[in-house]
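Please guide me through the features of this structure.

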Amino acid sequence: EWREGVVSYKALCRFLVRVKPLIGIWVHQNPELGNVVYVMPGFVSVVGCRIIPQELGPLGIEDGPILWAPVFEIIGDFDGSTTFLLHGREKGCDFLHPGLVESVEQNCNVLLLEVEPREKRNGCKLLPSKSFTHHSTEEISRKVCRSNSGLSRSQQVAGRNEAVVPFSRLAFGDRRTLLETVTGQVRLMVTDSIREPLFPRLREDAENFQKDLILLLQRRSLLLQMYKFGSDHSCTDLNESTAISAGPIQLELSDIRKSLDRSSSTSTSLNGDDGQTHGNNRKSIGGYFRASIKQILRKSSSLNGGRAMSRLNSSSGENRHALLHDFLNSGDTIGLTLHARKMKLSAYRAWPNMHDTQFALYKLPMRVPTEDQEYAGLWGGTFGWPPGRPTEDKPGKALFFLLLSYEETDGKRSLIATKILEGTHYVLHPNGSAMFIVNIDEPSLDPFPWDSDADSHPVSVKHAFMGEGIANGYGFRYPGSKPGSLFVIQNGLLAFIWKESRAVLTLQRLNLQDLLKKGEQVPALPPVANFSYLTKSYSNVFAGFSNTSTCSSSLRAGASLLLLVTRECQVSGCFRDDKSVSPTQQGLSPYVRYKRLLGHSYSSAQAVLKLYRCEVEIEGKGKRKEML
């Protein structure tokens, strides 16, 4: 199917070879509940999807819709070249922020979002899409092709020959300001025609799979057109060669300087107010506090004060950061770039040590299960036994994602379960901590406490290993451990039981790509925070995806219960009239209708479920279809 979107198999292979290193699980330390971005194939594209920390619904992991939000897409053009689109949401509207995929190293482990200045190619660069709204093609050309007339030829040559300042050498405040400025001005409005789907559904659902392919082909064509011409279709009268040479939408550096000048004037006005209010607040603690804040603002790096700060830093011997002025002089235009690099990172057990000030994601190595490492890979589950569906009095259980890996020290093999996602409302365990560590070479003699599972089937334990599980230690950051045992059960489940508390963490192996294809998309965060959330947080910052008053757990449980209603109707024969529809497809349409009708209300969904069960018992089978 992908071959239809490119000019040749060679172009398709060119795209596949470049994006293959990006496939996998990427994480960040913040927030502590978990920041998991899974990069998976789309349609002639790869899509970065963030799994939202959430509770497990009544349908369990496999059947319940998992919540996810889009982070970025890399789309293959007709010739196999790459197109980068960053997702973001601001003021209730969804946007795409275009940029370039600058470099992808084969063994990359760090994904960096940066801003990069570059020179005009063929004398022209496109401005943001809003510039196309009320101007003719001739006026557009005059505007976007203007050169830096204020600079002499010698200055322009000197600027081109000057060494390019890397984005990473800028101060953190300057890097954040540049990213927010560029994403705030270089963006495309997401309309219904390009909102979804980002990838096709499962192939088992053949009818919907083919429909998704048609929609994906149309969506990709629209995205590539918007990427080249902007969101306004009045640009289509530009000839094709000009459009291709123009490349992705970027900002003129003059526009960036104007934005920075406005922020600088704001800081200047604050300084002016300081002189007027200082006398009134002379003996006030609040006055001293405000004066300190304004002093910090005055010390922040800006375009106008850069050279003064340079002289100050050189006199004190602190030239750690490059000047924003020098960085902006490196080119004529500026735009977003995505770098996938191989960096030397230290790690504690299976978790990399991450930089606090880099707008980055870090890749976790995924080990393919082998004969001597059969439990390696991604696992998910909840606390409690029997596993699976929560009870009516406890509608939701926190969903945990653990990455299981092996480590050998002093001839002993250990299995380490690293927490990468936690679905609680407030974090209980540090992100990247080991939920348990077991010695594979030391069997456990402890008995399994239960005789049957959720379906009343007898439990058969294949293996049991001694180990230690996470416990309260010296504060949140330094948890302790207590003894326990890991049990391998016959149906592919793992259960770690703490010996003292008898708490049990039940896990099953996950296919994250299949789960996302059956999942439910929710809106993203603002673009920069959507890529890399750097603020330290211990709560679910991704739960604010909706403007409604319902929380994520209520939405999750309510939607799952509504789907459960339709599943029960299927079992009871309510859909016998349409024998051409598969059971999986039968539940989707009523689920969507009921979800909209009840507004994701968990209490309403629970009431409907109880009412339906009660009426079926009283009225008999003849009323079932009418009740639905």
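**Reading the features**

A: P31 sits in the loop that joins β1 (24-27) and β2 (36-41); helices (H or I, at least four residues) and strands (E, at least two) are DSSP runs, numbered from the N terminus. The model is predicted, so local features need pLDDT of at least 70 and side-chain atom pairs count only at pLDDT 80 or more, while totals for chains, interfaces and linings use all residues. Residues are numbered from 1 along each chain as its sequence is written, and side-chain values use heavy atoms, with hydrogens and water left out.

Q: What is the peptide bond from N30 to P31, cis or trans?

A: Most peptide bonds are trans. The bond from N30 to P31 is cis, with omega near -10°. The bond from E196 to P197 is also cis, with omega near 0°, and P197 belongs to the loop between α6 (192-195) and α7 (206-229).

Q: Is E114 buried or exposed?

A: Buried means under 20% relative accessible area, exposed over 50%, and partly exposed in between (1.4 Å probe, protein chains only). E114 has 8% relative accessibility and therefore counts as buried. R502, at 49%, is partly exposed.

Q: Where is E114 found, and what does its side chain contact?

A: E114 is part of strand β8 (residues 110-118). Its side chain makes a polar contact with the side chain of H339 (3.5 Å). A polar contact is a pair of N or O atoms within 3.5 Å; within protein, one must be able to donate a hydrogen and the other to accept it, and residues adjacent in sequence count only if both atoms are side-chain atoms. Contact in general means heavy atoms within 4.5 Å. Leaving aside neighbours within four places in sequence, the contacts of E114 include F167, L179 and R341.

Q: How far apart are the end C-alpha atoms of helix α5?

A: The expected span of a helix is 1.5 Å times one less than its number of residues. Helix α5 (residues 172-185) has 14 residues and should span 20 Å; its end C-alpha atoms are 20 Å apart, which agrees. Among its buried residues are L178 and L179.
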